Amino acid sequence: MIQLGECVRITNGGVVPDGADTVVPFENVTLNDEEKCIQINVKHSRGEYIRERGSEAKEGQVLIKNGSKLGSLEVNLLCALGISQVEVYKNPRVCIMSALNAATNQKQTHEHSNRSRLLRIFQIQGFKPIDAGESSMKPKKMEKNLQIAADFACVIVIIGDINKIQKVIQKMNLKIYIDGIVPDNFVFGHGSIDRKPVFLCVLPQHLTPAWVGANVFIFPLMRTLGGQGFDSNYRLEGNLTTTVEESPRKLEFYSIRTELSNGVSKQESEANQRANSLLKTSENATYSSGDTVAIVLTDFT
């Protein structure tokens, strides 16, 4: 506590000691008597060079929205406001594994490719995926691998024969919430493995439906668990370069390729690993080349 007539040296931008009401820059004073006293060489007034805590914002103003990532700017803002503690969401971890063929015990090329691609996309989306490798389809072996995965992540993704994997899931008393999505099935379950709560997602073996299923179901779940909100922020509009035929289903997702040409986003139908966006269509909807459509950008590297 500084008393009347006393002063103390602080760093630039430092906390003002209790009892002090004014700050004078170091270059505006002269040190006398072996730095035991100072002489102020400029006119000054009470309160100069002091910013009150919270003075950078107005009352009721939202400075950091719920779901925002805390980068260097956000941390600096919190420090400037004198806020030393905030509640945060823990970034969820995900394990990705491929299921081996039960008869041959050999991994399929598309399953390995799926896993590699999903690992990369999870990284692009800001998550830290764990490569859990391959697992045998034998029930006891798969149960053991799932128990190991649950030690490291709260979300487990399995790529393989959905019907066979589903039997293992049911045996482990995990509740299935989503099942029977066509044309390729997709299973989503929740429960506990060794008293550890987990979300379990089973993706089909084929590349395109597995990629669509990850973007439609798993990534929104991960964003929600991480406090970022359910929906994606990477939405834009562009012009189709190909025709999208009418779908008999009430809702369908297409994998497409989005490219920027002369400042205009253009989309083309793409059913392979070059796809980087999703197009959602409704029943009986048809899109022609040149139509403007809204898409979700999934790979923005």
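**Close-up views of a predicted model**

**View 1. Ring pairs link Phe122, Phe127 and Phe219 into a cluster.** The model shown here and in the other views is predicted. A pair of aromatic rings is described by the distance of the centres and the angle of the planes. The structure holds three aromatic pairs. One of them joins Phe122 and Phe127, with 6.4 Å from centre to centre and 70° between the planes, and this pair is edge-to-face. Both of these residues, Phe122 and Phe127, are buried.

**View 2. Phe122 and Phe219 form an edge-to-face pair.** The ring centres of Phe122 and Phe219 are 4.7 Å apart and the planes stand at 80°; this angle is over 60 degrees, so the pair counts as edge-to-face. Phe122 belongs to helix 2 (residues 109-124) and Phe219 to helix 5 (residues 207-225), so the pair links distant parts of the chain, 97 residues apart. Phe122 has a relative accessible area of 0% and is buried. Phe219, with a relative accessible area of 1%, is buried.

**View 3. Strand 7 and strand 8 run antiparallel.** Strands of a sheet pair through backbone hydrogen bonds, either parallel or antiparallel. Here, seven bridges join strand 7 (residues 187-193) to strand 8 (residues 196-203). For His190, the bridge partner in strand 8 is Phe199.

**View 4. Five residues make a nonpolar surface patch.** The patch consists of Phe26, Leu31, Ile38, Ile40 and Val42, and its area is about 390 Å². Ile40 is part of strand 2 (residues 37-40).

**View 5. Lys43 sits in a loop.** The loop lies between strand 2 and helix 1 (72-80). Lys43 has a relative accessible area of 83%, which is over 50%, so Lys43 is exposed. Lys43 and Val24 are 19 residues apart along the chain, and their C-alpha atoms are separated by 9.8 Å.

Conventions:
Residues numbered from 1 in each chain as written. Predicted model: local features only at pLDDT ≥ 70, side-chain atom pairs only at ≥ 80, totals over all residues. Heavy atoms only, no water. Patch = residues over 30% accessible without salt bridge, like charges linked within 9 Å, V, L, I, M, F, W, Y side chains within 5 Å. Areas by Shrake-Rupley, 256 points an atom, 1.4 Å probe, with all protein chains shown as cover. Salt bridge = Lys/Arg side-chain N within 4 Å of Asp/Glu carboxyl O. Helix = DSSP H or I, 4+ residues; strand = E, 2+ residues; numbered from the N terminus. Buried < 20%, exposed > 50% of the residue type's maximum accessible area, 1.4 Å probe, protein only. Phe/Tyr/Trp six-rings, centres within 6.5 Å; stacked < 30°, edge-to-face > 60°. Pairing = 2+ DSSP bridges.
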